Every structure is written in structure tokens, then in C-alpha cells.
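Please look through the sequence and the 3D structure below before reading on. The briefing that follows takes a few regions in turn and describes how their parts are arranged.

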Amino acid sequence: MPTTEERPVLVATEADDLTADMVITELNRRSVPVVRFNPADIGDGLTVSVQYGIRPANAAGRMLTPSRAAHLDDVRAVYWRRPIWPAFPHLSSDDARFAAAQTRYGLGGVLYALDGPLWVNHPLRNAEADYKPHQLARAQRLGLAVPATLITNDLDDARAFVAVHPAVIHKTLRATSYHRDGVPLVSWAEQVTADEIDARIQVVPHLFQVRIDKTCDIRVLIVGRRVFAVRIESDLLDWRRDYSALTYSVITLPAALEAALLAFLDAFGLASGSFDLAVDRAGTYWLLELNPNGQWGWLEEHTGLPMAASFADLLTQGEIH
């Protein structure tokens, strides 16, 4: 068995990801071997080969990139940082669909089956935690404050919910790439009135949520057991609309809230996650949502918090302390 110093960290990410670059730079400073790859490169510089049913090991295999090689049973940790799956645009639609399925269930299956390394985070755990209704229900069970929320495709229920509350916003259930007439569109949280809701709501479920009369927003990044909390000041309903209008300050969360957020991640089996909260005028912290693989690089740049270093520490250790 190789020593800890020799065991690599796999970093699954797209070709140009500045956040992954920040973590890899920190791993390089620690002389930790890194094998960076993107599933989209399968057949074009990315090779995987694994055998099962081999005794005494359950599996034996390796991954090869143009510059690196890793024995998969020696991997100490996997950083799953928004990689891209191949679409095979050069193939016919049927062949592309077939090839994409083989890659997801072949390469994906090989990777998902790795139970020795620490995952930050395992894709299947990310996927489970990405369902907002699941998040809201779990948060309530943990005693976190959750705004009154309705998920529905019933026209009458939606109008009644909006009418009974002073202010209600509409949010997407999942961020999704969207183009109209070739122009990329972004879905922001928007305040909505009952009159604006029409029969089109019946096509798919929609999420309506009471608008918190907030004094500020909070973004919380947890890495292992380290908690980084940043207060975000703006006059915007959705602060993502204009990053240039934001100001930041580092804060310490109440101990009970910090413990509940850690328990929230533990319940989903996540090693890391980014929480969005709002603080109202009474000082109550309201949980809005969890992004299990959220952005944080810009926060380190503005606050100086050692976020990338904390990811590198966690991946180097290969376990949560």
C-alpha cells in the first residue's frame, strides 16, 4: 500500500474552472499528487480500465490522462467540482444518446463505486441534496427556520397562497441553462402577485415562498467541520443580480445555528456545502437553500478567508476531523 504522501487526489472538473484551480494550487503547495480530469474527455485523452471479481480486492483499475495516472484503489480523496459529461455532438442523435449513457453508467459507475476515498462530495449525495423540497423538509426536522413555502401546479392554491401573505417570491426549483431566441436567460428570485399567476402554472410545479423582510443575506461555506460565514449587504431581493453592488463582512454564527447546519450536511452525507440564509429585523436566521457544490472563490477574494486551503487540507487528510 502506498504511503499517504504518494496517494493521489482526483479532481473532476471542467477544463476552465477557477475554483478548482485554487484548490489544486493549494494541493500543489502541499506536494499532494493530483489527477485532474473531465468526463467529457473520455476517448480523447481520458482512459479508465477496471476489473471486478478480483481476489482479495473487490476491484483493481486505473485512470489515465495525457499527463497523469492513478491506481483507483490508491486514491485518497475525490473533489467533484462540476465536471462536464460528454454529449458526443459528432455522432448521430441515437448514437450520441447511446454513447452518453454508456459513459455515465460506465465511467460514472466506476467512480461512484469507489468507497475508499473521501468524496467532496459524492455525486449521488449531491444529487439527493439538490432537491429543494427535500432540503426544506429536512431543515424543519432539524429545527431551522424555513420561510412558508408552497410547491404547486394548482392555479387556485398558488393564487390563494400569494393573496394571504404580504409578499411572496417565485424561485426556480433548480437552476437550469435556458435560452430564448439564442439569448441566455437567468432565473432570479422575483416578487409575484396573485394577478400575475395564470393557467400556465399547471404545466409544471412552481415554488412560491414568503419574502423575508431581511436586513442582510448570509452565505455559509462548510468544509469538513470548518465553518465560514459571510454577511452580504445589498438592497437587492436576489443579490446574485449585481455582484458589484455587494459588500462583505466576516461573521460568527450562533453556536446552535452552526451545529444545525453541520447536522444538515451530515444528514445528507456531504463533506461540504454552501448555505444561503437571510436575517430578518428580529434577528432570526432563515434558511433559504443549500447548494451542495456552490461557488465560493469570489468570497475568498473579497474576505481573505482560507477557503481553498481548507479544501486542500480536507482532501489531503482524506477524512473529516
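How many residues does helix H6 have, and what distance does the helix reach from its first C-alpha to its last? In this predicted model, helix H6 covers residues 255–268, which makes 14 residues, and it reaches 20 Å between those two atoms, close to the 20 Å expected at 1.5 Å a residue. The points below go on from this helix to the sheet and then to a single arginine.

- The buried residues of H6 are Leu257, Ala260, Leu261, Leu262, Phe264, Leu265 and Phe268.
- An α-helix has 3.6 residues a turn, so residues three or four places apart point the same way.
- Among the elements that the buried residues of H6 pack against are helix H3 (123–129) and helix H4 (132–141), and the strands S14, S15, S17 (272–280) and S18 (285–291) also belong to this list.
- Just after H6 comes glycine 269, which takes a positive phi of about 70 degrees.

**The five-stranded sheet**

- Five strands, in the order S16-S15-S14-S17-S18, form an open sheet in which the pairing is antiparallel.
- Strands S16 and S18 stand at the edges with a single partner strand each, so one side of each is left without a neighbour in the sheet.
- On average, and with direction ignored, neighbouring strands of this sheet are turned by 25 degrees against each other.
- Helix H8 (residues 307–317) packs on the sheet, where it touches S14, S15 and S17, and its direction makes about 30 degrees with that of S14.

**Pairs of strands within the sheet**

- Strand S14 (residues 214–223) pairs with strand S15 (residues 226–233) in the antiparallel sense over seven bridges, and aspartate 217 stands opposite isoleucine 232 in S15.
- The hairpin formed by S14 and S15 has two residues between the strands, and glycine 224 in the turn has a positive phi of about 65 degrees.
- S15 also pairs in the antiparallel sense with S16 (residues 247–251), over five bridges, and here glutamate 233 stands opposite threonine 247 in S16.
- S14 and S17 pair in the antiparallel sense over nine bridges, and the bridge partner of cysteine 216 in S17 is valine 279.

**Arginine 159**

- Arginine 159 is found in helix H5 (residues 155–164), and because its relative accessibility is 34%, arginine 159 counts as partly exposed.
- If its neighbours within four places in sequence are left aside, arginine 159 is in contact with Ala194, Ile197 and Asp198.
- Alanine 175 lies 16 residues from arginine 159 along the chain, and the C-alpha atoms of the two are separated by 24 Å.

Note on methods
Residues are numbered from 1 along each chain as its sequence is written. This is a predicted model: local features need pLDDT of at least 70, side-chain atom pairs count only at pLDDT 80 or more; totals for chains, interfaces and linings use all residues. Side-chain values use heavy atoms; hydrogens and water are left out. Two strands pair if DSSP finds at least two bridges between them. Helices (H or I, at least four residues) and strands (E, at least two) are DSSP runs, numbered from the N terminus. The expected span of a helix is 1.5 Å times one less than its number of residues. Buried means under 20% relative accessible area, exposed over 50%, partly exposed in between (1.4 Å probe, protein chains only). Contact means heavy atoms within 4.5 Å. Axes are lines fitted to C-alpha atoms, for helices over the stretch in contact, and angles run from 0 to 180 degrees between N-to-C directions.
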